[in-house]
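Reader: I would like to go through this structure in questions and answers, beginning with the ligand.

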Amino acid sequence: MKSVNYLLFIWIIGIILSDACEAKAQSSINQPVSDRFKPGETWPDSNGNHIQAHGGGIIKIKKSYFWYGEQRGNGLDPKYRYVSCYSSKDLLNWKFRGNVVKMLPPDSLSSNWVLERPKVFYNAATKKYVMYSHVDDRNYKVAQVGIATCDTPDGTFKFVRRFRPLGHESRDIGQFIDDDGTAYLVFEDRPFGFRIARLSDDYMDVEKEMTLVKAHMEGGAIVHYNGLYYSIGSALTGWNANPNKYSTAPSLEGPWSDFKDIAPVKTNTYGSQSTMLIKVVGSKKSTVIFMGDIWKPKTQYDSRYIWMPLEIGDGKLWLPEPRPWKLNIKTGEATILF
Ligand code: GAL
């Protein structure tokens, strides 16, 4: 009798444990990791690992967002440069889809070459995902963009070529897709300022310059909001944060207004550097999110992000002090929590 009770006991414990395991597995699959953005904190993906998508770019394909960025996680082979890909339906909970670039240096670049700020565009006509990135040598003297393509968002991207867009130096790049779907590259041209240029129909080239903004800025990002274009950029201070600024123009060709601060100067953009502006168009509202990187040059894997909904409109733009906030991806409403 004693042994029957014992077996019954083991059986019941077994059921409880397996239910608990299943519930845990389900929760990691179905339940959001978080219900709020926590700017500046570590940002776990669906596996619980801090998201490695620095200097990134985001595209929306149907209802999914894909975030590509510099993969700077620990344990990578230093011979290669990696670009990560994550996907999400709500811009908050991200699933790691893999490293879509694992590249040796393209011809004639030394082993300490860099591949930074990857931005992917999806070309509906060719059905190709086209990745632009800043490709350079260790001294940042090459100043080119590299193009790599793939047939799927999270497959292995194949390197195609590298070049200077329209013959100009190009370091930090940004991506901008206008409301009509036209794709543009923003690139920093050190001797002159930064340029905004339209991509060719197949996105495999940088075809037409829209404007040269004669301001020495990088981390360039653009959004089209209520009939006005807003561009944001940072000063050229390497990994160190600085006061980022914005300018507006009625069209991409300009004229671009003088640059103004986006946050109190003494905060140095709360320790971050601009990388992209995302417009979430919901059923009730459009919210523009500032995406910035908090770089940690000595512990790159721990570099963080500041994403915050911007106060924007009528030619004004302001980055509120980072705090936890929520986004309703359907209505587009953002709520900053106190
Ligand atoms: C920053 C730039 C980064 C990276 C870094 C290297 O100015 O925005 O993408 O190139 O310099 O020092």
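Reader: Which residues surround the ligand?
Author: The model is a predicted one. In it, the shell around the ligand divides into 2 nonpolar, 2 polar and 4 charged residues. These residues are Glu-116, Arg-117, Tyr-140, Asp-172, Glu-218, Gly-238, Trp-239 and Gln-273.

Reader: How much of the ligand's area does the protein bury?
Author: Side chains reach oxygen atoms of the ligand: an N or O atom of Arg-117 is 2.9 Å from one, and an N or O atom of Asp-172 is 2.5 Å from one. A polar side-chain atom of Glu-218 lies 2.3 Å from a ligand oxygen. Taken alone, the ligand exposes 310 Å², and the share of this that the protein buries is 88%.

Reader: Is Ser-133 buried or exposed?
Author: Ser-133 sits in strand E6, residues 128-136. Beyond four places in sequence, Ser-133 touches Leu-115, Glu-116, Arg-117, Pro-118, Gln-144, Val-145, Gly-146 and Ile-173; among these, Glu-116 and Arg-117 also belong to the surroundings of the ligand. The relative accessibility of Ser-133 is 5%, and the cut-off is under 20%, so Ser-133 counts as buried.

Reader: How many residues are in the second, separate core?
Author: Leu-310, one of the residues with the most contacts inside the largest core, touches Ile-232, Leu-277, Val-288, Phe-290, Leu-317, Trp-318, Leu-319 and Pro-320, not counting residues up to four places away in sequence. The second core is separate and includes Phe-66, Cys-85, Val-100 and Val-120. Its number of residues is 19.

Reader: What is the C-alpha distance between Val-288 and Ala-334?
Author: Val-288 is found in strand E18 and is buried, with a relative accessible area of 1%. Leaving aside neighbours within four places in sequence, Val-288 is in contact with Val-223, Tyr-225, Leu-277, Ile-278, Lys-279, Met-308, Pro-309, Leu-310 and Ile-312. Val-288 and Ala-334 are 46 residues apart in sequence, and their C-alpha distance is 9.4 Å.

Reader: What is the relative accessible area of Met-308?
Author: Met-308 is in strand E19, residues 304-309. Apart from residues up to four places away in sequence, its contacts include Pro-39, Val-288, Ile-289, Phe-290, Leu-319, Trp-325 and Ile-336. Thr-287 is 21 residues from Met-308 in sequence and 9.9 Å away, C-alpha to C-alpha. Met-308 is buried because its relative accessible area is 0%.

Reader: Which backbone oxygen does the side chain of Gln-175 reach?
Author: Gln-175 is found in strand E9 and counts as buried at 4% relative accessibility. Beyond four places in sequence, Gln-175 touches Gly-57, Ile-58, Ile-59, Lys-119, Val-120, Phe-121, Tyr-184 and Met-276. A polar atom of the Gln-175 side chain lies 3.4 Å from the backbone nitrogen of Ile-58. At 2.9 Å, this side chain reaches the backbone oxygen of Val-120.

Reader: Ala-143 and Leu-166 each have a positive phi without being glycine; is Leu-166 buried, exposed or partly exposed?
Author: Phi of Ala-143 is near 50°; Ala-143 lies in the loop between E6 and strand E7 (144-150) and, at 0% relative accessibility, counts as buried. Leu-166 has a phi of about 50° and lies in the loop between strand E8 (158-163) and strand E9 (173-177). Its relative accessible area is 35%, so Leu-166 is partly exposed.

Terms used. Residues are numbered from 1 along each chain as its sequence is written. This is a predicted model: local features need pLDDT of at least 70, side-chain atom pairs count only at pLDDT 80 or more; totals for chains, interfaces and linings use all residues. Side-chain values use heavy atoms; hydrogens and water are left out. A residue is near a molecule or strand if one of its heavy atoms lies within 4 Å of it. A polar contact is a pair of N or O atoms within 3.5 Å; within protein, one must be able to donate a hydrogen and the other to accept it, and residues adjacent in sequence count only if both atoms are side-chain atoms. Accessible areas come from the Shrake-Rupley method with a 1.4 Å probe; for residues, only the protein chains shown count as cover. Ala, Val, Leu, Ile, Met, Phe, Trp, Tyr, Cys and Pro count as nonpolar, Asp, Glu, Lys and Arg as charged, and the others, Gly among them, as polar. Helices (H or I, at least four residues) and strands (E, at least two) are DSSP runs, numbered from the N terminus. Buried means under 20% relative accessible area, exposed over 50%, partly exposed in between (1.4 Å probe, protein chains only). Contact means heavy atoms within 4.5 Å. A nonpolar core is a set of buried Ala, Val, Leu, Ile, Met, Phe, Trp, Tyr and Cys residues joined through side-chain atoms within 4.5 Å.
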